[in-house]
Amino acid sequence: MTNKMILAGFGGQGILFLGKKLASAGMENDLNVTWLPSYGPEQRGGTCNCSVILSDTDISSPIIGSPDTLVAFNIQSYEKFMPRITPGGVLFADSTLIDKRPERTDISAYFIPATQIANDLGYPKLVNVVMLGYLIKKTAVFERDYMRSYLTDSLPESKAALREANGKAFDAGYGYEG
Amino acid sequence: MAKVLIKGNEAVAEAAIRSGCKYYFGYPITPQTEIAEYMAKKMPKVGGLCLQAESEVAAINMVYGASASGVRVMTSSSSPGISLKSEGVSYIVGCDLPCVILNVQRGGPGLGGIQPSQSDYYQATKALGHGDMQLFVLAPSSVQEMAQLTADAFGVADKYRMPVLILADGALGQMMEPVDFDALHFTPEPEKPWAVNGHAGKRKKNIITSLFLKPEELESNILEREKKYKTVRENEVRFENYMCDDADIVIVSFGITARISKAAVNEARKKGIKAGLLRPITLSPFPTDELYRLSGSASAFLSVELNMGQMVNDVKLAVQCRKPVHFYGRTGGSLMSSEDVLEQIIKISGGLL
């Protein structure tokens, strides 16, 4: 099993954090993992992406030509990476910010208004966690209960409000019907 | 013990601190700035010092001074910054001082780019400074190895009193992988009776210099150092031999491209092509004898690098024209895929049949 994932969007949407959570959960589950950010003159509001590979065999290169999974948080990322998804791969996209739909029929496409859901919850910074909940529901890359508690337990107990917010955002993504 | 998910750059910094390195001097440059950031955070907690110098030239001269006083010290930079350090590196070699230098390579020449590269191979192994000099050069290919080779670098530097260069690249520096720090092994710091430090007149003074105006003195100094290099060549060569012994085609590759090549070797084997990977872990000293040995059994060699063909010439020297040596590379910050390497293997194997 090897899952090559590209997560992409704007700087500030929590993309690197989301990638790190997936990679470290993979490590906890004895998978080989790599996490590689796009690096350089990055800035809040600029483009940002990271590559995460989860595998039960050695990972040769952390750089991904064709992702098995793309998680797109803005239209620029969608247009750049969607055509590169491996046939049979999976697309996740934030439909609040991406109004296009792929013409490709050889991939599974899942759309969720993650930004809208996060805003409605009152947690506009947790778009990434809403997406994580949805990703876990649709791909079962990790068990729901495991991922949810891995996410909330990584926050210190002193930040109970943050724990609660992350849990709620995760649940909202997981519970989204679409 | 528990593994941690950590960037290659941070793994180097943590391993250096655990190796007893108390002094870090550097100047920021992408893609290795996390090292200075990590050192700035952690060094004060272990009673050490992290200092951002006014330039790379200043940083390497601070390393020079700290090393002369007998402490474990390191600096790091990326390609253009390493070029700036070259004068200081030569002085450190001329004074037989130990230190650790990390180059997280990016594309060049000039300011080049900021994406991964291996185009400083010549500089690292042939001439990172003027004069009759060599460095000890280590090439990690995973984040765990970034950590272990950093620990090893301090041991080797102290043992031979010579600078050790760790030659990494932007991908290894920026990527995160699980690292088990408790699995690292360290070399304790030896006594340094040659160091120049306060002794309250209780011993003869030590002098550390690279200046020898009399030709015969300089010559004998260089000849002494050459004996040391010979010992290093005889005892410290390190490599990984992955399925080379029955291989028709031996790929030679280091660092990040060795991982890509290993995947290609596995795919080639599935297709019935006997491929193997010889991964130099020390680039200087180079695994010349092992390559010569393999030139007896292999039919062809393929050097895979992120440059226009640099290490390939060392492979040719080692193989001594006994077998054809091919080259495949990408440069400027682009990486090849394992499929690209496999294509090269298939092409060469077609020519062999």
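This is a guided tour of chain B, with one stop at its contact with chain A.

The model is predicted: local features need pLDDT of at least 70, side-chain atom pairs count only at pLDDT 80 or more, and totals for chains, interfaces and linings use all residues. Residues are numbered from 1 along each chain as its sequence is written, while chains are lettered from A and ligands numbered from 1 in the order in which they are written.

**Stop 1: the two domains**

Colour chain B by domain: the assignment gives domain 1 as 4-235 and domain 2 as 240-352. These bounds come from an automatic or database domain assignment. The centres of the two domains, taken over C-alpha atoms, are separated by 28 Å.

Now show the contact between them, where residues count as in contact if their C-beta atoms, placed from the backbone, lie within 7 Å. Here 26 residues of domain 1 of chain B meet 22 residues of domain 2 of chain B. On the domain 1 side, at least two residues each come from helix H5 (121-125), strand E6 (136-138), strand E7 (163-169), helix H7 and helix H8 (215-235) of chain B. Helices (H or I, at least four residues) and strands (E, at least two) are DSSP runs, numbered from the N terminus. H5(B) gives the most to this side, with 4 residues. By class, the domain 1 side has 15 nonpolar, 9 polar and 2 charged residues. Ala, Val, Leu, Ile, Met, Phe, Trp, Tyr, Cys and Pro count as nonpolar, Asp, Glu, Lys and Arg as charged, and the others, Gly among them, as polar.

**Stop 2: the sheet of seven strands**

Select the strands of the open, mixed sheet of chain B, which has 7 strands in the order E3-E2-E4-E5-E7-E6-E12. Two strands pair if DSSP finds at least two bridges between them. Strand E3 (49-52) and strand E12 (282-284) of chain B are the edges; each has a single partner strand, so one side of each has no neighbour in the sheet. Neighbouring strands are turned by 20° against each other on average, direction ignored. Axes are lines fitted to C-alpha atoms, for helices over the stretch in contact, and angles run from 0 to 180 degrees between N-to-C directions.

Next, pick strand E5 (residues 99-105) of chain B, which runs parallel to E7(B) and is joined to E7(B) by 7 bridges. B:Gln105 has B:Asp169 in E7(B) as its bridge partner. Helix H3 (residues 56-68) of chain B packs on this sheet, touching strand E2 (23-26), E3, strand E4 (73-77) and E5 of chain B, and makes about 165° with the direction of E4(B).

**Stop 3: B:Phe25**

Centre on B:Phe25, in strand E2 of chain B. Is B:Phe25 buried or exposed? B:Phe25 is buried, with 26 other C-beta atoms within 10 Å. The term buried requires 20 or more such atoms within 10 Å of the residue's own, exposed 12 or fewer, and partly exposed lies in between. Leaving out residues up to four places away in sequence, B:Phe25 touches B:Leu51, B:Ala53, B:Ala59, B:Met62, B:Val63 and B:Thr75.

**Stop 4: helix H1**

Select residues 8-18 of chain B, helix H1, where 10 of the 11 residues are buried. Just after H1(B), B:Gly20 has a positive phi of about 95°.

**Stop 5**

Strand E10 (residues 249-252) and strand E13 (residues 300-305) of chain B run parallel and are joined by 4 bridges. Within E13(B), B:Phe301 is the bridge partner of B:Val250.

**Stop 6**

Of the 16 residues of H9(B), 12 are buried, so H9(B) is largely enclosed by the rest of the structure. After H9(B) comes B:Gly272, with a positive phi near 85°.

Finally, show chain A: the contact takes 18 residues from chain B and 16 residues from chain A. Helix H7 (170-174), strand E8 (176-179) and H9 of chain B each give two or more residues to the chain B side. H9(B) gives the most, with 4 residues. The chain B side divides into 10 nonpolar, 4 polar and 4 charged residues.

Conventions: Contact = placed C-beta atoms within 7 Å.
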